[in-house]
Amino acid sequence: MTTASYRSGRRFIAGLFAFLVPGAGHIVLGRWDKGVLLFCLSVLDLLAIVYYANSAEVRHIMMIVYLGLALPSIYFYSVYDALQILTASAASKRRESSGRAVPVLKGISLASVGLFMLLFVHPPAMLRPWLELAGDYSPPFGLFFIGIWLLWRLAKGSVRLGRFTAALFIIFVGALLLRDQWIEARSLLLLDLWWPMIVVLFGLELAFFAVRFRPVKRLLSVDIVGLTIAMLFASAAYAVTQLSDIPIRWLDQFTQDATELTGYTEEKGYRYVREPLSVSPPDEVQSIEIFNPNGQVHVRTGTGEEIRIETIVWIDLADKAAADKAAGKADVHIEQDGSSIIIEGRGEPYGEAQNLKPRINMIIVLPARYGDLLDAKRSRPDMTLKIKTISGMVNVHETVVLGGLTLDTTRGRLSVQRVKAGSLRAKTRNGNIRLSDIDGPAKLNTVNGNIKAYKVTGEVTASAANGAIEAADMDGDVTAVTKNGSIRIAEARSAVKADTLNGAIEVLSSHVGGEWNIDSAIGDIRLTVPGTSDITVNGSVTFGTISTNLPLLIDDRTITGTLGDGTYPIRINANSSIVLENFQP
């Protein structure tokens with residue numbers, strides 16, 4: 001083999017390895033010091049991602065995202081640099097093949113990378129808190145370093161249009177992340193309001209360079225890399241802050257729901273009323289589970305001693321004979337297994353493509369012993385009631401389930417009235433949730449829908465991704481969290497936590513009996529409390545105004561003060577306006 005063909009083959013192998021493994025191309029070309037360093041940096045990045053993903057749950061999600069961005073950056077730099085070496089001149093190749101001195105800095109860098117790899121593989125207990133702290137503060141200080149490095153390059157004469165804008169924007173994002181670490185705010189949401197400043201800065205930079213280089217008639221190139229880095233880091237930070245609301249996540253959720261609900265028909269076509277079914281539950285029954293993939297479920301308490309099930313079947317076909325055949329295969333199955341009763345709506349697919357599912361609506365009447373809310377002397381079993389549908393509303397009223405009530409649906413409204421439950425859990429992806437006259441604690445969750453809760457004696461936790469939350473006449477603690485939607489709470493007699501990213505918050509009560517934490521990133525906050533309350537107020541706004549008719553101190557963008565004994569703290573954090581009023585009966 002000739003020397004030329006050997007070199008050609010070596011170059012081909014180097015190019016192939018450069019695309020396969022970071023640093024491998026450099027090693028084939030004799031740049032083993034840089035190749036090993038690039039490969040170890042890639043491994044270190046992966047080890048750090050795994051370490052922070054397994055610690056502190058979502059605490060280090062920003063660190064994980066930026067480490068994820070660093071991985072392809074190392075790869076593409078490795079490929080680019082290897083290709084640069086491959087296209088170097090023959091003289092350069094001869095110099096490289098004749099031997100090169102290894103810089104001391106690269107040796108120290110490689111040793112440092114190895115040390116960090118060891119820390120992430122076997123982290124000593126005494127260093128774990130420092131690694132956690134590094135995970136908290138590396139993203140903002142890393143952005144500071146990148147921004148300062150761009151400014152340093154600019155000062156050294158590496159002039160690119162947009163570099164100054166990119167540097168300031170990166171430093172600004174780093175400052176917002178650092179502020180979030182210090183005061184646990186959501187500062188990145190300020191980008192919603194101030195993103196046009198990028199255009200302003202770029203315009204001013206363009207005007208400056210136009211004047212600066214006018215005599216020289218110099219044609220400036222745009223710093224595409226710097227601007228891309230700035231937008232990428234800012235977008236990643238904003239996406240993490242708005243994790244539940246980024247459009248692609250909505251699109252994925254929509255696609256998943258649409259796929260799951262394919263073929264679930266509505267109340268159309270032919271209607272079939274079935275003969276009621278009944279089952280006598282044993283006195284020691286501990287659970288009743290109801291599963292109805294497509295259709296409504298209504299549960300209430302009757303006057304008898306049996307479980308009675310009334311069923312209506314809908315078949316969405318134009319052909320009566322085909323509809324009759326499909327309806328004949330749809331029924332309600334009851335299974336009794338010891339102390340458990342399972343009620344399930346069943347039906348076979350029908351239609352030309354055999355992809356339609358019958359709609360089965362159920363009315364389930366429980367024995368009288370599961371009612372009589374006001375009859376405290378009546379004995380009731382500690383029974384649990386679980387209801388699940390995929391497409392269909394669920395309604396439960398006038399029932400006692402001391403073991404707990406669980407409602408779950410993919411698409412449908414959940415409604416509960418006059419129920420006494422050891423615990424109540426209601427969850428829907430697409431639908432509203434409404435509670436009224438509930439004796440016991442409740443945990444409510446919807447992705448797309450509103451939540452309303454009235455007259456609940458126990459603790460209430462309500463969360464929504466895209467919807468408003470309303471609560472009134474609450475005896476227990478109230479936690480209301482939504483991403484996009486307003487929050488209104490009236491007559492909360494215990495602790496209150498109200499948190500929304502995008503929406504107004506209003507809390508009014510004739511009595512304050514617990515700690516209040518109110519936080520709105522984008523939206524006004526209005527609180528109404530009696531002037532005779534025993535509260536300590538600490539509030540601040542980033543933008544907007546503060547007003548009050550209570551004897552509290554307003555200093556610039558903060559409101560502080562104590563009423564009565566100051567027993568219960570009220571903390572307010574807003575980017576818009578705060579209004580704190582005296583309650584008028």
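Here is a short chat about a predicted model and what its pocket, cores and a few residues look like.

Colleague: What should I know before I start?
Modeller: This is a predicted model, where local features need pLDDT of at least 70, side-chain atom pairs count only at pLDDT 80 or more, and totals for chains, interfaces and linings use all residues. Numbering starts from 1 along each chain as its sequence is written, and side-chain values use heavy atoms, with hydrogens and water left out.

Colleague: OK, how many helices and strands are in the chain?
Modeller: The chain has 13 helices and 30 strands. Those are DSSP runs, numbered from the N terminus: H or I of at least four residues for helices, E of at least two for strands.

Colleague: And how much of the chain is buried?
Modeller: Of its 585 residues, 43% count as buried, meaning under 20% relative accessible area with a 1.4 Å probe, protein chains only.

Colleague: Which residues touch the most other members in the largest nonpolar core?
Modeller: That core has 80 residues, and I288, I290, I343, I364, L405, L444 and I489 touch the most other members. A nonpolar core here is a set of buried Ala, Val, Leu, Ile, Met, Phe, Trp, Tyr and Cys residues joined through side-chain atoms within 4.5 Å. There's also a second, separate core of 17 residues, with Y66, F169, I170 and V173 among them.

Colleague: What is I364 in contact with?
Modeller: Skipping neighbours within four places in sequence, I364 is in contact with I290, V297, H298, V299, R300, I307, R308, I309 and I343. Contact means heavy atoms within 4.5 Å.

Colleague: Switching topic, is H397 buried or exposed?
Modeller: H397 is buried, with a relative accessible area of 17%. H397 sits in strand β10, residues 394-401. Neighbours within four places aside, its contacts are V299, R300, T301, Q417, R418 and V419.

Colleague: Now α4, how many residues does it have?
Modeller: α4 has 26 residues and reaches 38 Å from first C-alpha to last, close to the 38 Å expected at 1.5 Å a residue; that expected span is 1.5 Å times one less than the number of residues. Its buried residues include Y66, I74 and D81.

Colleague: Which classes of residue line the largest pocket?
Modeller: Its lining has 29 nonpolar, five polar and three charged residues. Ala, Val, Leu, Ile, Met, Phe, Trp, Tyr, Cys and Pro count as nonpolar, Asp, Glu, Lys and Arg as charged, and the others, Gly among them, as polar.

Colleague: Which element gives the largest share of that lining?
Modeller: α4 does, with eleven residues.

Key
Buried means under 20% relative accessible area, exposed over 50%, partly exposed in between (1.4 Å probe, protein chains only).
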